[in-house]
Amino acid sequence: MAMTNRDGNGGEAKPDGEFDALIIGAGFSGLYQLHCLRDRLGLSARVLETADDVGGTWYWNRYPGARCDSESHSYSYYFSKELLDEWEWTERYPAQPEIMRYLRFVADRLDLRRDIQFETKVRACTYDEAENRWHVETEAGEHFVATYLISAVGCLSATNVPDIPGRDDFEGEWYHTGEWPHDGVDFHGKRVGQIGTGSTGIQAVPVIAETAGQLTVFQRTANYSVPARNGPLTPERKRWMREKQDEIREIIRSTPNAHPFRISETKVFDVDEDERRALMEKAWETGGLRFRACFQDLLTSKASNDVVAAFLKDKIREIVKDKETAEALADIDHPYAAKRPPIDTNYFETFNRDNVTLINLREDPIRRITPRGIRLKSGREIALDVIVFATGFDAMSGPLLRIDVTGRDGLTIQEAWSAGPRTYLGLQVAGFPNMFTVTGPGSPSVLCNMPVPIEQHVEWITDCIAYMRKNGISTIEPSEDAVESWVAHVNDCANKTLLPEAGHSWYLGANVPGKPRVFMPYAGGMARYRAICEDIVAKGYEGFVMDGGEGQAAGTRPADFTPAGAADQPGV
Ligand code: FAD
Ligand code: NAP
């Protein structure tokens, strides 16, 4: 007897392997997308996930010190009062194990696991135009078919291990932070080398230093960091979080980057030097990403940014006792927050330990990895037992480009994005009908506290699919014109800020050799982005081409992206 899929809430049963929707990825995005399609629309849906559990980012990134830079009460789903009421965070910034527990709780509470197939890596997705269906193949050779394909593969899920000569000859252990062993790594007494001083590296250094015999930090680009001031949540704070859910929701939905605090309206030069200094000291004491909110114009005025950057560099010189090390750490070449600004617990202080050394790769670059360690250009060799690659990700476009996705007329995603990713709203790609991307390039995603854009994207996609089904529409995809307009708008928004000035950042794809340099996230602000998406729907899905229904929008080119009432504040 042919097996059939049990079908959510009353949809038609389908042959084995056939679904209304296939979702790739079981992180924040994929879990909520499954809930919406299955439990709200009653579709048959299946999530395919490489890992053997839910969690996404928080499944993979188990390195020492891994924790959030979003405050816990905002790093949550806000669509369900029950979920908010039933979960309680314990720290201002939750650590990786707690976020994993949270996502497991959500998956169990919403009974999602029964429609997630774990240990299943998607290899290829091919659109069949005659059938109007997506065929999905896994690494293990399984085959699935669906009408809608939703990529929830994440922005930071494709690890970037630099191809340093000799890497494979290393006789010690090496690990990338984004694929960390589940049973941990024992650093006791070992000589550890860590490459990378981004958000990850800055979190890992203080914790690794606690047990390593010797830790050598290889820094190519010096980075700012502000103390997180993490700590346990008091009972009063927990009560406040529970009682103020509606207010918190209102704030995270209305601020440019969806964090639970408002950005000051004061510009750096609105106040005199003493007051400016006092505001920065206060923000430094408050800590975390709230530091960035102390002035309104940090990312739109270079002169203003210079003031704050100088303050932060002086803090490094105050903390780090060895002068040469302090200068190397403070020798930062980009504006503050032009990269996602790291926050830390004792990062700079850790360089005062006897067992920690900084190597400034700007002065003496890595030449190769040897069987015994890392050799620098000067010929100096640092003997190592363990190398930690805190070297980041092939971000935003990387995870989807690692799948063989083929759309209409044999167009591959690799061809469509050969000069950089091109999407409409970060949600769809021209030539790939009925394929949706949650937090795709061109969405505000990584410039935000991400659960907020994720919820918005997932709800937009769900509403779109509901609309299609109600109106007998068989396909949706953006027009090339609409994509062109959106890409131009994404660039315009970025160019109004200092973000592109961090020339080596992953926002630009500059961290991966050979990757086209295109500013990928939408810097126009989450609130404005939400208003744009709503406006486009109100105008009958302006910019999208829909087939099969009556009187649908036929790819009109949006004139601009200035919906009424949307704040023109950069989303940074
Ligand atoms: P992910 O969590 O990345 O999930 C994608 C899933 O897709 C993964 O499980 C992956 O295995 C799966 N997948 C990918 N390709 C395939 C395939 N071919 N086949 C099958 N499965 C596949 N954001 C914040 O807002 N605040 C923070 O504090 C914060 N901290 C972060 C810390 C780290 C270390 C990192 C790396 C990211 C952080 N982020 C943070 C961003 C974080 O990625 C998002 O907040 C969020 O977790 C993304 O959820 P997602 O479901 O979209 O993607
Ligand atoms: P990243 O910001 O891209 O940093 C990678 C680091 O590795 C950089 O210092 C980079 O130097 C260095 N590097 C890369 N290749 C190198 C090479 N060949 N030789 C020497 N150095 C090399 O990556 P990440 O730190 O993993 O962070 C990525 C994003 O994840 C963050 O921006 C953030 O959005 C998220 N994240 C958040 C948190 C949090 O606090 N919640 C924690 C971790 C990650 P260059 O700068 O010179 O390229």
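Predicted model: local features only at pLDDT ≥ 70, side-chain atom pairs only at ≥ 80, totals over all residues.
Residues are numbered from 1 along each chain as its sequence is written, chains are lettered from A and ligands numbered from 1 in the order in which they are written, and side-chain values use heavy atoms, without hydrogens and water.

**Entry 1: ligand 1**

In the side chain of S29, an N or O atom is 2.6 Å from an oxygen atom of ligand 1. For S70, a polar side-chain atom lies 2.8 Å from a nitrogen atom of ligand 1. Alone, ligand 1 exposes 980 Å², and the protein buries 94% of that; accessible areas come from the Shrake-Rupley method with a 1.4 Å probe, and for residues only the protein chains shown count as cover.

Which residues come nearest to ligand 1? I found S29, E49, D69, Y75 and M450, out of 33 residues around the ligand. A residue is near a molecule or strand if one of its heavy atoms lies within 4 Å of it. I sorted this shell into 17 nonpolar, 12 polar and four charged residues. Here Ala, Val, Leu, Ile, Met, Phe, Trp, Tyr, Cys and Pro are nonpolar, Asp, Glu, Lys and Arg are charged, and the others, Gly among them, are polar.

I then looked at the helices. Both α1 (28-40) and α2 (57-60) supply at least two residues of the shell around ligand 1, and the largest share, three residues, comes from α2. Helices (H or I, at least four residues) and strands (E, at least two) are DSSP runs, numbered from the N terminus.

**Entry 2: ligand 2**

I turned to ligand 2, which 23 residues surround, with R67, D69, T200, R220 and T221 the closest. A backbone N or O atom of R67 lies 2.9 Å from a nitrogen atom of ligand 2. A polar backbone atom of D69 is 2.9 Å from a nitrogen atom of the ligand. The side chain of R220 has an N or O atom 2.9 Å from an oxygen atom of ligand 2. On its own ligand 2 has 910 Å² of accessible area, of which the protein covers 89%.

Which helix gives the most to this shell? I found helix α5 (residues 199-211), with three residues. The shell around ligand 2 holds nine nonpolar, nine polar and five charged residues. Domain 1 (5-158 + 395-471) and domain 2 (167-389) each provide at least three of its residues; the bounds come from an automatic or database domain assignment.

**Entry 3: the sheets**

I recorded an open sheet of five strands in the order β7-β16-β8-β9-β12, with parallel pairing. Two strands pair if DSSP finds at least two bridges between them. At the edges, β7 (173-176) and β12 (356-360) each pair on one side only. Strand β9 (residues 214-219) pairs with β12 over five bridges, and V217 stands opposite L358 in β12.

I also found an open sheet of three strands, β13-β14-β15, with antiparallel pairing. Because β13 (366-369) and β15 (381-383) each have a single partner strand, one side of each is left without a neighbour in the sheet. Three bridges join β13 to strand β14 (residues 373-376), where R375 is the bridge partner of R368.

Conventions: Polar contact = N/O pair within 3.5 Å; in protein donor to acceptor, adjacent residues only side chain to side chain.
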